[in-house]
Amino acid sequence: QVQLVESGGGLAQAGGSLSLSCAASGRTSSIVSMAWFRQPPGKGRESVASITWTGSTTYYTDSVKGRFNISRDSAKNTMMLRMNSLKPEDTAVYYCAARSTPYSRYDSWGQGTQVTVSS
């Protein structure tokens, strides 16, 4: 089993930047890909970005393309999300997730971290 702990986040003004980190522990050798999801107030959880553990493939939802950057440090078992040009609509609880089987549902989740963007 993989345990995930997010850090970072907080409050930013529109146009500003924030960084999130996700530290993985446990059976990290089983991880094939990781992702960031977010849940805006009163809405459902949505995918933000994902990355294969090798770092060879990344995915971004359209609303964050060109503004967010996902990366990972496999030696440190850490995934990061750099968020630039933040918008109020980026306000959400951000979760990191991991999976051990390609194209399957994510089966490990962090506890979430709040990101609030003021206008």
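**Exercise 1. Find which residues Ser50 touches in this predicted model, leaving out residues up to four places away in sequence, and decide whether Ser50 is buried or exposed.**

Solution. 
- Start with the neighbours: Ser50 makes contact with Met34, Ala35, Thr57, Thr58, Tyr59, Ile70 and Tyr106, once residues up to four places away in sequence are set aside.
- Now take the accessibility, which is 16% in relative terms for Ser50. The cut-off for buried is under 20%, so Ser50 counts as buried.

**Exercise 2. Work out how many helices and strands the chain has, and in what order the elements run.**

Solution. 
- Count the elements: there are zero helices and 11 strands.
- Then read from the N terminus on, and the order is β-β-β-β-β-β-β-β-β-β-β.

**Exercise 3. Check whether the radius of gyration of the chain agrees with that of a compact globule.**

Solution. 
- Begin with the expectation: for 119 residues, a compact globule would have a radius of gyration near 14 Å.
- Compare the chain, which has 13 Å, so the two agree.
- For the outline, look along the principal axes: the C-alpha atoms fill a box of roughly 40 × 25 × 25 Å.
- Finish with the interior and the surface: 42% of the 119 residues count as buried, while the chain exposes about 6,100 Å², with carbon and sulfur atoms supplying 48% of that area.

**Exercise 4. Find how far apart the mean positions of the positive and negative charges are.**

Solution. 
- List the charges of the chain: 12 are positive and 7 are negative.
- Then compare their mean positions, which lie 3 Å apart.

Conventions:
Residues are numbered from 1 along each chain as its sequence is written. This is a predicted model: local features need pLDDT of at least 70, side-chain atom pairs count only at pLDDT 80 or more; totals for chains, interfaces and linings use all residues. Side-chain values use heavy atoms; hydrogens and water are left out. Helices (H or I, at least four residues) and strands (E, at least two) are DSSP runs, numbered from the N terminus. The radius of gyration is taken over C-alpha atoms; the globule rule is 2.2 Å times the number of residues to the power 0.38. Buried means under 20% relative accessible area, exposed over 50%, partly exposed in between (1.4 Å probe, protein chains only). Accessible areas come from the Shrake-Rupley method with a 1.4 Å probe; for residues, only the protein chains shown count as cover. Lys and Arg count as positive and Asp and Glu as negative; His and the chain ends are not counted. The place of a charge is taken as NZ of Lys, CZ of Arg, CG of Asp or CD of Glu. Contact means heavy atoms within 4.5 Å.
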